[in-house]
Amino acid sequence: YPELSKKEFETTKRLKRILESYHISILDLPLETGLVAEIGQGELMVAVRTDIDALPITEQVEHEFTSTNEGVMHACGHDIHM
């Protein structure tokens with residue numbers, strides 16, 4: 001269910017559910033969309049940022065993964081990033 005930038009409410013909920021199912025800690029930050037998670041502990045860290053937004057493009061093909069949000073699609077691989 002692709003969503004436009006700053007409107008990724010369902011995407012954020014889904015990512016939280018997935019991370020929580022793996023017992024990954026999600027920081028309690030005042031974010032409307034998106035999240036910050038911590039995996040592991042210690043002094044050294046690696047930060048990874050992923051895009052979760054989609055583009056305002058109407059998909060013109062039918063696949064099992066075709067967008068169900070009319071006029072919005074993951075047209076540049078964002079779903080692979082997250």
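## Close-up views of a predicted protein chain

**Overview. The elements of the protein chain run α-β-β-α from the N terminus on.** This is a predicted model, in which local features need pLDDT of at least 70, side-chain atom pairs count only at pLDDT 80 or more, and totals for chains, interfaces and linings use all residues. Residues are numbered from 1 along each chain as its sequence is written, and side-chain values use heavy atoms, with hydrogens and water left out. The secondary structure comes to two helices and two strands; these are DSSP runs, with helices (H or I) of at least four residues and strands (E) of at least two, numbered from the N terminus. Along the principal axes, the C-alpha atoms fill a box of roughly 50 × 20 × 20 Å. Of the 82 residues in the chain, 22% are buried. Buried means under 20% relative accessible area, exposed means over 50%, and partly exposed lies in between (1.4 Å probe, protein chains only). A contact means heavy atoms within 4.5 Å. Among contacts between residues at least 6 apart in sequence, 43% join residues at least 24 apart.

**View 1. Glu 8 sits in the segment before helix H1 (9-21).** Glu 8 is buried and has no salt bridge. A salt bridge is a side-chain nitrogen of Lys or Arg within 4 Å of a carboxyl oxygen of Asp or Glu. For charge, Lys and Arg count as positive and Asp and Glu as negative, while His and the chain ends are not counted. The nearest side chain of opposite charge to Glu 8 is that of Lys 6, 7.3 Å away. The backbone of Lys 6 is another matter: its nitrogen lies 2.9 Å from a polar atom of the Glu 8 side chain. The side chain of Glu 8 also makes a polar contact with the side chain of Thr 33, at 3.3 Å. A polar contact is a pair of N or O atoms within 3.5 Å; within protein, one must be able to donate a hydrogen and the other to accept it, and residues adjacent in sequence count only if both atoms are side-chain atoms. Not counting residues up to four places away in sequence, Glu 8 touches Glu 3, Thr 33, Ile 52 and Asp 53.

View 2. Most residues other than glycine have a negative phi. Lys 6 lies in the segment before H1 and is exposed, with a relative accessible area of 67%. His 23 lies in the loop between H1 and strand S1 (25-26). His 23 is exposed too, with a relative accessible area of 74%.

**View 3. The structure holds two salt bridges.** Side chains of opposite charge can pair when their charged atoms come close. Glu 10 is partly exposed at 41% relative accessibility, and Lys 13 is partly exposed at 44%. In another bridge, the side chains of Asp 51 and Arg 49 meet at 2.8 Å, N to O. Asp 51 is partly exposed, with a relative accessible area of 22%, whereas Arg 49 counts as exposed at 68%.

**View 4. Thr 66 lies in the loop between S2 and helix H2 (78-81).** Thr 66 is buried, with a relative accessible area of 16%. A polar atom of the Thr 66 side chain lies 2.6 Å from the backbone nitrogen of His 63. Leaving aside neighbours within four places in sequence, Thr 66 is in contact with Glu 59 and Val 61.

**View 5. The largest pocket has a volume of about 1,100 Å³.** On a 1 Å grid over the protein atoms alone, a pocket is an open set of points where a 1.4 Å probe fits, with protein on both sides within 12 Å along at least five of seven lines; lining residues have an atom within 4 Å of a point. Grid points are joined across faces, edges and corners, and the volume is the space filled by probe spheres set on the points. The lining of the largest pocket comprises 28 residues, of which Leu 35, Val 36, Ala 37, Val 48 and Arg 49 lie nearest its centre. H1 and strand S2 (37-38) each supply at least two residues of this lining, and H1 gives the most, with three.
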